[in-house]
Amino acid sequence: MQSRTLVIKGKGGLGNRILSAISGLVYADLSGRKPVIDWRDGSYAPLGENAYPLLFQSPIGGEAIGGATMDDGADVCPAIWAGNLHRQPQDMIDTYMPRSHSNPWGYRRLCVDLKRLDQSQAVAVYWSYLPKLGRMRQHLRRDARFAKRGEREVFANYLGRYFTPNARVRHALSQMRPTAKLPSIGVHIRFTDRKIPLGPVLKTLEQLKARHPTATVFLATDSAEIEDRLKRAFDKVITHPKRLGLAGARLHGPDTTCNPLQEAENALIDMWQLSRCDHLIYSRRSTFSVTSGYLGRFDPARIHDVERYSPTLWAKEMLQRYA
């Protein structure tokens, strides 16, 4: 029987593309396809070079996806990708549906039908901006590998299987393990192009520091202003050194001037270190810190979502989950 492939494309930040890739990997397992993760969009490696095997110990191979042999074939679904497998979602949206960048249903034109597992084409393409396990819930319920596992467990399992960071990241993390037996509080604050509410974060941190006065605070942020503010307001605040952008400027992307691979590795160091803290303060709107939460397998008493009661975010999540 001819093997079938699922090409998993990426767009957006590391949290978005990791969680979305996991949805693709789950679909590959459900449909019996060989997965290939293709992150050649220039956000985390030079444009045209696949960032996934550079950042992670890839267990799946196939990094050279998108060559002439595969592009020349028409046996691809969705059909829009025939002859376009070398391209990335950002480029495809710009070309074919430029008004759909913010459309929660727009991804469907670029993604294999997640309601079906019987697509006959040799190559299928998966892409979404956010995870889509909700779209596959009927298949998950019928499959013994997933039927009795919650989504948090699924994400944690696939993170362990497919997203072991590279040697530089692992070495940096090994140097950051605290030597003293002190509690630790992880805080993630995105405060450049997309800001989370700062007031509830500071209030939660003050409460935890009052309960654990000797606790160290590991801060992951994209803002020099926030880093300076927290270091002045709290003691024992530690950070991993990295480039911090100008106010309002995102840190990663093909249009930034940083070393994309090095800064992506720094972001992974932040993400994994947050997962190793005793407590995590974050906002559910940030897939970066949501990923840290899955990695850390936090129990409810140790994870502090400062926007857990936001009806706007809940409604948005439900729409995006099943769109």
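**Figure 1. Four strands build an open sheet in the order 2-1-4-3, with parallel pairing.** Strand 2 (34–38) and strand 3 (76–77) stand at the edges with a single partner strand each, so one side of each has no neighbour in the sheet. Strand 1 (residues 5–9) pairs with strand 2 in the parallel sense over five bridges. Within this pair, Leu 6 stands opposite Pro 35 of strand 2. Helix 1 (residues 14–31) packs on the sheet and touches strand 1, strand 2 and strand 4 (123–126). The direction of helix 1 makes about 170 degrees with that of strand 1. Strands pair through backbone hydrogen bonds, either parallel or antiparallel. Two strands count as paired if DSSP finds at least two bridges between them. Helices (H or I, at least four residues) and strands (E, at least two) are DSSP runs, numbered from the N terminus.

*Notes for every view.* The model is predicted: local features need pLDDT of at least 70, side-chain atom pairs count only at pLDDT 80 or more, and totals for chains, interfaces and linings use all residues. Residues are numbered from 1 along each chain as its sequence is written, and side-chain values use heavy atoms, leaving out hydrogens and water.

**Figure 2. Helix 1 and helix 6 (residues 151–162) pack at an angle of about 90 degrees.** Their axes are 10 Å apart. Helix 1 and helix 6 are therefore roughly perpendicular to each other. Angles under 35 degrees count as roughly parallel, over 145 as roughly antiparallel, 65 to 115 as roughly perpendicular and the rest as oblique. Axes are lines fitted to C-alpha atoms, for helices over the stretch in contact, and angles run from 0 to 180 degrees between N-to-C directions. From helix 1, Ile 18, Leu 19, Ile 22, Leu 25, Val 26 and Asp 29 take part. They meet Val 154, Phe 155, Tyr 158, Leu 159, Arg 161 and Tyr 162 in helix 6. Contact means heavy atoms within 4.5 Å.

**Figure 3. Helix 6 also packs with helix 11, at an angle of about 85 degrees.** The two axes lie 8 Å apart. Helix 6 and helix 11 are therefore roughly perpendicular to each other. Helix 6 contributes Arg 152, Phe 155, Ala 156 and Leu 159 to the contact. Helix 11 contributes Thr 291, Gly 293, Tyr 294 and Leu 295.

**Figure 4. Thr 287 belongs to helix 11 (residues 287–296).** Thr 287 is buried, with a relative accessible area of 14%. Buried means under 20% relative accessible area, exposed over 50%, and partly exposed in between (1.4 Å probe, protein chains only). The Thr 287 side chain reaches the backbone nitrogen of Asn 16 at 3.0 Å. Not counting residues up to four places away in sequence, Thr 287 touches Gly 15, Asn 16, Leu 19 and Leu 130.

**Figure 5. Leu 30 sits in helix 1.** Leu 30 counts as buried at 12% relative accessibility. Leaving aside neighbours within four places in sequence, the contacts of Leu 30 are Leu 117, Met 136, His 139, Leu 140, Asp 143, Arg 145 and Phe 146. Arg 116 is 86 residues from Leu 30 along the chain, yet their C-alpha atoms are separated by 9.9 Å.

**Figure 6. In helix 7 (residues 167–176), Val 169, Ala 172, Leu 173 and Met 176 are buried.** Seen down the helix axis, the buried residues of helix 7 fall within an arc of 100 degrees, so they line one face. The arc is that of the directions from the helix axis to the C-beta atoms. An α-helix has 3.6 residues a turn, so residues three or four places apart point the same way. The face of helix 7 turned away from the buried side carries the exposed residues Ala 167, His 171 and Gln 175. Strand 6 (216–221) and helix 10 (260–275) are among the elements covering the buried residues of helix 7. Asn 166 caps the N-terminal end of helix 7. A side-chain oxygen of Asn 166 lies 3.2 Å from the backbone nitrogen of Arg 168.

**Figure 7. The peptide bond from Cys 77 to Pro 78 is cis.** Its omega is near -5 degrees. Pro 78 lies in the loop between strand 3 and helix 4 (89–96). Most residues other than glycine have a negative phi, and most peptide bonds are trans.

**Figure 8. Lys 236 has a positive phi of about 55 degrees, although it is not a glycine.** Lys 236 lies in the loop between helix 9 (224–233) and strand 7 (237–238). Lys 236 is partly exposed, with a relative accessible area of 40%. Arg 297 is not a glycine, but has a positive phi of about 50 degrees. The loop between helix 11 and strand 9 (303–305) holds Arg 297. Arg 297 is exposed, with a relative accessible area of 53%.

How values were computed: A polar contact is a pair of N or O atoms within 3.5 Å; within protein, one must be able to donate a hydrogen and the other to accept it, and residues adjacent in sequence count only if both atoms are side-chain atoms.
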